[in-house]
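Hi everyone, thanks for coming. Have a look at the chain on the screen, and then I'll walk you through it.

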Amino acid sequence: MKYTLQKIGLVVFCSFFVLVGLAMLLPDKDGFEWGQSAFMGMAFVAMAAFTMVRGVMRINKFQKKTYLWYKASYPLNVDGNRVTCFSCGSPRINARGLMNHSYHREHYCTQCGATLYYSPEGK
Ligand SMILES: [Zn+2]
């Protein structure tokens, strides 16, 4: 549910920039011209759309790749509280905080570097 709200917020936020970009593309009183503002507008729309798609994909990843998902996908690598790497079998799993206001941690294998799953910060 929290993720759905995050996605809606992101789409609303980026849609605002798409609209600003589209407004720049609108013809002014002299009619449409392929000037600087048209290019600026297109860059705005492209960047906002790119940010939106990337953000939603990232949230989808956090939403999907949880500890429970890992446990269900690799039952042999989760034994009680002991988690091992699905790729190389190493029990040395570390967590690191992800930047960019994601508020998530990435759990990864210190042996081969594979990402195992993600968890929200503060849990
Ligand atoms: Zn590994």
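I'll start with the overall layout, then go to the domains, the core and the strands.

Quick housekeeping: this is a predicted model, where local features need pLDDT of at least 70, side-chain atom pairs count only at pLDDT 80 or more, and totals for chains, interfaces and linings use all residues. Residues are numbered from 1 along each chain as its sequence is written.

So, what do we have? The protein chain holds three helices and five strands; these are DSSP runs numbered from the N terminus, with helices being H or I of at least four residues and strands E of at least two. Reading from the N terminus, the order is α-α-α-β-β-β-β-β. The radius of gyration of the protein chain is 21 Å, well over the 14 Å that the globule rule gives for 123 residues, so the chain is more spread out than a compact globule. That radius is taken over C-alpha atoms, and the rule is 2.2 Å times the number of residues to the power 0.38. Along its principal axes, the C-alpha trace spans about 70 × 30 × 20 Å.

How is the protein chain divided? There's domain 1 (2-64) and domain 2 (67-120), with bounds from an automatic or database domain assignment. Their centres, taken over C-alpha atoms, are 33 Å apart. Four residues of domain 1 are in contact with four of domain 2, where contact means C-beta atoms, placed from the backbone, within 7 Å.

Now, burial. Of the 123 residues, 7% count as buried, meaning that 20 or more other C-beta atoms lie within 10 Å of the residue's own. The largest nonpolar core has six residues: Phe62, Cys85, Cys109, Leu116, Tyr117 and Tyr118. A core here is a set of buried Ala, Val, Leu, Ile, Met, Phe, Trp, Tyr and Cys residues joined through C-beta atoms within 7 Å. Strand S5 (residues 115-120) gives the most to this core, three residues. As for Phe62, leaving aside neighbours within four places in sequence, it is in contact with Tyr3, His104 and Tyr118.

Last stop, the strands. S3 (residues 93-97) and S4 (residues 104-109) pair antiparallel over five bridges; pairing takes at least two DSSP bridges. Gly97 stands opposite Arg105 in S4. S4 and S5 also run antiparallel, joined by five bridges, and Tyr108 stands opposite Thr115 in S5. In the hairpin of S4 and S5, with five residues between the strands, Gly113 takes a positive phi near 85°.

Notes: A residue is buried if 20 or more other C-beta atoms lie within 10 Å of its own, exposed if 12 or fewer, and partly exposed in between; C-beta atoms are placed from the backbone. Two residues are in contact if their C-beta atoms, placed from the backbone, lie within 7 Å.
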